[in-house]
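Here's a walk through the strands and helices of one model, sheet by sheet. Have the sequence and the coordinates open as you read.

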Amino acid sequence: MTTRPRAMSGTIPSMESAHDELKENTTITVLGASGDLAKKKTYPALFGLYRMGFLPKGVHIVGYARTKMDAAEYHKRITSYIKNPDNDPEVSAKLEEFKNLSTYISGGYEDSPSFANLNKSLEKIESGYQGKERNRVFYLALPPSVFIPVAQHLKEQCYVTPDVGKCRIIVEKPFGKDLESSRELLSSLKQHWTEDETFRIDHYLGKEMVKNLLVLRFANVALNAFWDKNSISNVQITFKEPFGTEGRGGYFDEFGIIRDILQNHLLQVLSILTMERPVSFASEDIRDEKVKVLRAIPPVERSDTLLGQYVGANGKPGYFDDDTVPHNSVCPTYAATTLWIHNPRWEGVPFILKAGKALNEAKVEVRVQFKDVTQGIFKDISRNELVIRIQPSEAVYLKLNTKTPGLNTRAIPTEMDLTYKRRFTEAKIPEAYESLILDALKGDHSNFVRDDELDVAWKIFTPILHWIEGRNGPSPKPVPYPYGSRGPKELDPFITKYGYKRTVPDYEWPVTNVAML
């Protein structure tokens with residue numbers, strides 16, 4: 001019999017003052033409304049929030065892009081990834097309401113008259129609002145090449161002053177390509193938008209298990225007691241995708257796996273995993289601690305880096321079989337980098353960040369491996385491990401040694417398992433974009449990237465990125481690995497040299513294989 005979890009007795013205080021929340025008279029403008037990001041992530045998240053009643057009262061959503069299309073085509077596009085597999089009439093009714101509050105305007109990204117026209121449309125919508133307040137949220141689902149002109153034109157043509165209402169701008173990654181370009185982008189955006197008005201999205205900060213790290217770490221004395229160099233041998237943060245570039249190789253080759261995954265997503269997870277306890281749950285207190293720990297990490301060394309590039313295997317294409325990939329590319333599709341944190345808690349503990357495409361499975365997880373038990377009565381016993389599965393099938397499990405049942409006395413590895421789908425059977429885990437858009441509407445910056453945090457993150461990875469690009473001599477050649485494998489054959493010796501010990505015989509956590517979210 002499955003029991004429903006009781007309501008939590010300990011609640012996290014509100015992270016921002018209530019007056020910052022946008023509760024009514026709000027337009028949300030999605031710039032880049034015709035693109036894949038808007039279609040696959042932004043609009044489904046907005047609909048999810050609308051259906052659950054979390055969008056401001058009387059909200060209106062405006063799509064903006066270069067593409068010419070009528071209302072019917074726009075509504076078809078923005079709802080194409082919204083699921084209603086059982087044809088639930090309630091969902092269908094909400095979907096019709098959602099279409100009715102969503103309109104579309106076509107315009108350019110680099111000319112002022114287009115944004116003046118957008119402003120006229122916003123003013124027409126706002127004329128139907130009750131009361132004086134007018135709030136505007138601008139979501140930039142756009143390539144970074146147009147961030148600066150769009151931010152400038154929005155400020156000059158579509159900004160409402162504080163006496164009228166609040167304006168917020170949500171910016172998608174990538175935030176530059178290295179330290180220099182990031183600083184240029186930050187500087188340009190700051191000429192038009194304040195830090196309080198700017199919300200830089202890294203969608204991994206909206207994932208349930210990443211947000212849960214704060215509670216796991218700081219609401220559990222038992223866990224916090226062994227959270228340091230005295231007990232932990234090594235930590236791995238892993239991202240695996242079972243598919244390759246699939247026709248997007250030209251775009252991917254410009255950025256590579258380090259920019260795409262390690263420098264932002266995995267580094268964000270690392271910062272929350274290792275930061276000190278904040279003095280409160282206020283957004284600036286949390287982000288202060290993240291920045292402190294990132295500042296203690298020196299730039300990645302070449303000797304602490306393993307680069308790979310997938311090749312065709314088992315009927316699957318290799319990286320160069322993608323016609324959009326340059327024939328001489330040395331862009332890594334797999335990277336493992338080891339980071340070191342020079343502070344009293346973590347000195348000497350290797351943090352191995354691994355990410356790759358065309359691998360054997362889809363998963364993102366944190367694996368904390370503890371040190372060996374003192375030798376004596378036990379020999380060749382498995383190490384304890386705490387694993388936090390971020391996706392798919394969110395879970396936390398602790399690998400322990402226990403006696404085998406029966407008359408023999410033998411220790412075997414097993415697990416204490418908190419799998420969310422089994423424990424919280426009736427809970428709906430929100431999509432990351434739902435969570436982050438709601439945070440932006442509330443004015444809560446806790447799960448968004450601050451400017452100084454972004455700067456120090458680029459400091460850690462820029463030297464290794466410039467090495468890969470051949471700016472300081474010849475570029476390194478990535479080692480090949482077969483499509484569908486665990487990664488390069490050099491991976492096992494790479495992680496072993498940092499103290500990782502694989503359980504022998506191989507231990508496998510029993511989990512249902514589900515699709516990557």
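## β1 and its partners

Strands β1 and β4 run parallel and pair over six bridges; helices (H or I, at least four residues) and strands (E, at least two) are DSSP runs numbered from the N terminus, and two strands count as paired if DSSP finds at least two bridges between them. Thr27 has Arg136 as its bridge partner in β4. Towards β2 (residues 60-65), β1 again pairs in the parallel sense, over five bridges, and there Thr27 stands opposite His60.

A word on the ground rules: this is a predicted model, where local features need pLDDT of at least 70 and side-chain atom pairs count only at pLDDT 80 or more, while totals for chains, interfaces and linings use all residues. Residues are numbered from 1 along each chain as its sequence is written, and side-chain values use heavy atoms, with hydrogens and water left out.

## The six-stranded sheet

Zooming out, six strands make an open, parallel sheet in the order β3-β2-β1-β4-β5-β6. Its edges are β3 (102-106) and β6 (198-201), each pairing on one side only. From one strand to the next, the twist averages 20°; axes here are lines fitted to C-alpha atoms, for helices over the stretch in contact, and angles run from 0 to 180 degrees between N-to-C directions. Helix α1 (residues 36-52) packs on this sheet and touches β1, β2, β4 and β5, with its direction at about 165° to that of β1; contact means heavy atoms within 4.5 Å.

In the loop between β1 and α1 you'll find Ser34. Leaving out residues up to four places away in sequence, Ser34 touches Ala65, Thr67, Met69 and Arg77.

How enclosed is β4? Six of its six residues are buried, so β4 is largely enclosed by the rest of the structure; buried means under 20% relative accessible area, exposed over 50%, and partly exposed in between (1.4 Å probe, protein chains only). In a regular strand the side chains alternate between the two faces of the sheet. Here Asn135, Val137 and Tyr139 are buried on one side, and Arg136, Phe138 and Leu140 on the other.

## The nine-stranded sheet

Now for another sheet: nine strands, open, with mixed pairing, in the order β14-β13-β12-β11-β7-β10-β9-β8-β15. β14 (411-419) and β15 (479-482) are its edges, each pairing on one side only. Within the sheet, β8 (residues 305-311) and β9 (residues 334-340) run antiparallel and are joined by four bridges, and Gly308 stands opposite Tyr334.

Helix α9 (residues 249-274) lies across β7, β8, β9, β10, β11 and β12, at about 145° to β10.
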